[in-house]
Structures are given as C-alpha cells and as structure tokens.
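Here are my notes on the model you sent over.

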Amino acid sequence: MTSGNATDDERVMRLALEEARRCLDHDDVPIGAVVARDDEVLAAAGNQREVANDPTAHAEILALRAAAAAIGSWRLEGCTLTVTLEPCAMCAGAAVLSRLDRVVFGAADPKAGFAGSLGNLLQDPRLNHSVSITGGVLEAECGDLLRSFFRERR
C-alpha cells in the first residue's frame, strides 16, 4: 500500500468507509481510518469521541495506536494511514510523529484539514519527518456520508 497504487488505495478506503459507517451506531461523526503495511491491514477504527467522551478519540489516533500495538513499535515506517476525511492538525501531527510513509484521504476538510486545506503539517519542512499525501480517494462517497450525517442533525 505504500506504493500508492490507486486500486489498493480504493480497496483500503472502502474498509475505512465501513469503519466510518459503524460510527453512526453511536451517533459519532462518521470518520474511519485504516493503517496498512504492504498488503496487511494492521488496524482499523472509527471515531469514538462520543462513546469514550474523549476529544482525542479520532479514528486516526485510535488506528495509529492499534497499529503500533500490533507491530510492537511506535515507529510505523512503511505504513499508510487511509482515512475518509482529511486529517486535522492533531491527527496530521500524530502521522508525522509515528513516521508513516503515506496518508491517503477521501474528502478534503476546508474547515479543519491539515493535509493541504488549512495548512500542510504532513510536509512541513521544519519538522523531522515528511509524509507523502494522496487525497481525493473515493472523495464523493466519503463526502456524501459526512454531508448526510450533518444534514440529519440540522
């Protein structure tokens, strides 16, 4: 998955979308994340902020923690984080600190995204690590899920 093959990216994004849809069961914003290395899925998670009453329980953070536990190291070199929404500053920072090779996201987040929308923390030259970015994978499907969620709450 680290190679950036579009077919692989879409396959893993579909897994992230499954995680995002599970969030609807506990009324959380439907965002899903998957960490994979080569063809192996190491971890998958959806947002759990509402269930855990934890502002840091974003899908990306939970998936990164689980992936690190699965491989026995906080260094996730060779891994790709695939997420349905462009990562926020916290999650982009966690991606850099975990030494990911790539971040793949679906929908852009013009209000909170830090993989190019509001800033690009993943590739900030002042930091000690840079993460490759692929955006727009299954963008319409990812965006539709989020728009539907928020439309129902208005």
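**Notes on the fold, from hairpin to pocket**

1. Start with the hairpin: E1 and E2 form it, with 2 residues between them. Aspartate 38 sits in that turn and has a positive phi of about 55°. Do keep in mind throughout that this is a predicted model, so every value here is computed from predicted coordinates.

2. If you want a residue pair to look at, take arginine 37, whose bridge partner in E2 is glutamate 40.

3. E1 also pairs with E3, again antiparallel, through 5 bridges. Arginine 37 turns up here too: its bridge partner in E3 is cysteine 79. Further along, valine 35 has leucine 81 as its bridge partner in E3.

4. E3 has a pairing with E4 as well, this one in the parallel sense over 5 bridges. Here threonine 80 stands opposite arginine 102 of E4.

5. How covered are these strands? In E1, 5 of the 6 residues are buried, so to speak "mostly covered". For E3 the count is 7 of 7 residues buried, which means that the strand is largely enclosed by the rest of the structure.

6. Now the helix H1, residues 6-22. At the start of H1, a side-chain oxygen of asparagine 5 comes to within 2.8 Å of the backbone nitrogen of threonine 7.

7. Which residues of H1 are buried? They are Asp8, Asp9, Val12, Met13, Ala16, Leu17, Glu19 and Ala20. Note that the list includes the acidic residues Asp8, Asp9 and Glu19. The cover over the buried residues of H1 includes strands E1 (32-37), E2 (40-46), E3 (79-85), E4 (102-107) and E5 (132-134), along with helix H5 (139-153).

8. Aspartate 28 deserves a look. It lies in the loop between H1 and E1. Is aspartate 28 buried or exposed? Its relative accessible area is 0%, so aspartate 28 counts as buried. A polar atom of the aspartate 28 side chain lies 2.9 Å from the backbone nitrogen of glutamate 50. Leaving out residues up to four places away in sequence, aspartate 28 touches Cys23, Asn47, Gln48, Arg49, Glu50 and Phe149.

9. Glycine 46, in strand E2, is another one to check. Its relative accessibility is 7%, and because buried means under 20%, glycine 46 qualifies. Setting aside residues up to four places away in sequence, glycine 46 touches Glu19, Cys23, Ile31, Gly32, Ala59 and Leu62. Glycine 46 and valine 29 are 17 residues apart in sequence, while their C-alpha atoms are 8.8 Å apart in space.

10. Last, the largest pocket, which holds about 550 Å³ of space. Its lining is made up of 21 residues, and Leu85, Ala108, Asp109, Leu146 and Phe150 lie nearest its centre. Which element gives the largest share of that lining? H5 does, with 4 residues.

Notes
Residues are numbered from 1 along each chain as its sequence is written. This is a predicted model: local features need pLDDT of at least 70, side-chain atom pairs count only at pLDDT 80 or more; totals for chains, interfaces and linings use all residues. Side-chain values use heavy atoms; hydrogens and water are left out. Buried means under 20% relative accessible area, exposed over 50%, partly exposed in between (1.4 Å probe, protein chains only). Contact means heavy atoms within 4.5 Å. A polar contact is a pair of N or O atoms within 3.5 Å; within protein, one must be able to donate a hydrogen and the other to accept it, and residues adjacent in sequence count only if both atoms are side-chain atoms. Two strands pair if DSSP finds at least two bridges between them. On a 1 Å grid over the protein atoms alone, a cavity is a set of points where a 1.4 Å probe fits but cannot get out, and a pocket is an open set with protein on both sides within 12 Å along at least five of seven lines; lining residues have an atom within 4 Å of a point. Grid points are joined across faces, edges and corners, and a volume is the space filled by probe spheres set on the points.
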